[in-house]
Amino acid sequence: MNSRPKKIVCIGAGYVGGPTMAVIAARCPDVQVMVLDLNAERIAAWNSDNLPVFEPGLREIVRQVRGRNLHFHPQAQGVSALAEADVVFISVQTPTKTTGEGAGKASDLQYVEACALLIAEHARGHTIVVEKSTMPVRAAERIQQILSTTQAGSTFAVLSNPEFLAEGTAIRDLEHPDRVLIGGEDPAAVAALKSIYASWVSPEKILTTGLWSAELSKLAANAFLAQRVSSINSLSALCEKTGAEVSEVAKVVGADSRIGPKFLQASVGFGGSCFQKDLLSLIYLCEHYALPEVAAYWQGVVDINEWQKRRFAEAVQQASVNRRVAVLGLAFKKDTNDFRESASLSVCRRLLQSGLEVIAYDPRVDGQRFAAELASPSHFSIATTAAQALAGAGAVAVLTEWDEFRSIPWATAKLSPGAVICDGRNIVDRLAVQQAGYGLRVIGSAVP
Ligand code: NAD
Ligand code: UGA
């Protein structure tokens with residue numbers, strides 16, 4: 001089939017499935033898009049005004065297309081749509097395995113495999129099955145194998161179409177991607193999927209490769225991005241010892257056009273659901289293919305990140321003038337309500353373990369859900385404003401770069417006398433802190 005697909009189904013209504021399908025529906029009004037999820041509560045939220053994902057611009061797009069050519073259904077009710085679908089996207093989670101072979105490193109493909117089984121059972125005629133989830137190299141082989149168990153005489157073409165959006169900028173990234181990647185060996189299927197993206201992406205930005213290259217390119221892209229963060233974070237420690245300023249070093253290094261300025265912002269450590277799990281998946285693949293030196297190289301990126309989070313938590317612990325620490329920011333970056341694998345989770349766990357009391361504020365994260373991820377939440381509480389979190393604190397840990405934390409009125413903040421602000425994002429107004437008489441420690445800086 002090389003004609004333009006008319007019916008798309010996406011399995012998985014998460015941070016990728018929801019926004020991606022909303023943009024496809026908006027840019028392809030002639031295509032009907034249905035999103036299915038096992039989680040009926042999440043589907044109900046997609047059908048409400050209170051979307052389960054916070055992304056700038058998402059709500060407006062969903063309002064525009066929902067009920068027109070974008071539909072959200074609980075899987076049990078919408079599964080019959082698979083029979084008529086021209087294209088089925090698999091956009092479910094691929095977390096790190098916690099048990100069995102490869103536990104702690106390999107990607108857990110159970111959710112993807114369940115989708116392939118469902119498609120094998122319900123699809124009819126010819127269907128293009130698209131890996132949107134991030135997969136290990138050669139995962140498509142496993143999908144093909146499962147699809148081939150169909151009893152309905154259906155045929156399939158499997159493509160890899162990994163997603164490169166970043167949370168917080170998902171809509172912009174989807175509407176104006178640096179590139180779209182389609183990997184596959186079936187030219188008609190590749191052309192069909194290309195025709196969807198070509199509705200708004202210029203042809204030179206739609207890259208086509210073999211299946212295995214596409215699967216590996218996604219892991220490689222995340223590994224390169226994470227490596228830049230670990231590189232600058234490793235130097236942030238050296239800056240603190242030597243008096244160099246990490247922001248100045250990053251500016252100079254990034255001014256080299258061969259290096260570029262992006263992703264050189266020193267931080268308390270990268271977080272999010274993907275960098276670490278994708279690095280671990282890459283490391284596992286290297287070990288599987290007997291490449292221990294390559295595995296060790298990428299392991300270093302993970303290790304520096306763990307070290308950065310640990311040393312920041314220790315610095316906060318040492319700096320606090322009493323037992324109460326205010327944490328500003330729970331999300332793994334600004335402009336998202338996502339806190340999966342956030343540096344805040346790691347830092348809060350350490351502070352609580354060391355017997356400190358933590359009071360946290362984040363403008364978007366659901367504090368109760370965050371607290372549920374902590375082993376000992378009894379000394380953890382949530383404030384509804386930054387000022388409330390700061391009152392009486394002996395130290396402040398700034399962990400997410402929300403814009404409002406750039407202009408905290410330190411002069412009127414009611415911190416404990418002598419309290420120290422530990423800035424894990426290098427965003428705090430240094431002069432305002434100094435004028436208010438509080439101490440300051442900034443990641444990558446020896447000042448003051
Ligand atoms: P998510 O956890 O937010 O969403 C996954 C959804 O799939 C959940 O709602 C879950 O209920 C549903 N699901 C799981 N198994 C199912 C099944 N058998 N049938 C129906 N629904 C099922 O995950 P996400 O953040 O959207 O990530 C999805 C994939 O995309 C991952 O592989 C991830 O690595 C990749 N990715 C994520 C991002 C990101 O920014 N979050 C960006 C690029 C790529
Ligand atoms: C990342 C990639 O940027 C996306 O291209 C990719 O699609 C996605 O992973 C994925 O596969 O899930 P995301 O994790 O949403 O996107 O957000 P990023 O902007 O990459 O930030 C990741 C982490 O690195 C955040 O904690 C952020 O604060 C941190 N970071 C980023 C820094 O500490 N310094 C920087 O300079 C940049």
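Tutor: Residues are numbered from 1 along each chain as its sequence is written, and chains are lettered from A and ligands numbered from 1 in the order in which they are written. In this predicted model, local features need pLDDT of at least 70 and side-chain atom pairs count only at pLDDT 80 or more, while totals for chains, interfaces and linings use all residues.

Student: How many residues does the contact take from domain 1 and from domain 2?

Tutor: Two residues are in contact if their C-beta atoms, placed from the backbone, lie within 7 Å. The contact takes 26 residues from domain 1 and 26 residues from domain 2.

Student: Why does ligand 2 lie between the domains?

Tutor: Both domain 1 and domain 2 give residues to the shell around ligand 2, so ligand 2 lies between them. A residue is near a molecule if its C-beta atom, placed from the backbone, lies within 6 Å of it; 20 residues surround ligand 2, and the closest are Q265, S267, F270, G272 and C274.

Student: What gives the most to the shell around ligand 2?

Tutor: Helix α9 (residues 211-242), with 3 residues. Helices are DSSP runs (H or I, at least four residues), numbered from the N terminus.

Student: And which residues are closest to ligand 1?

Tutor: They are G12, G14, V16, S133 and T134, among 27 residues that surround ligand 1. The largest share of that shell, 3 residues, comes from α5.

Definitions and conventions. Helix = DSSP H or I, 4+ residues; strand = E, 2+ residues; numbered from the N terminus. Domains from an automatic or database assignment.
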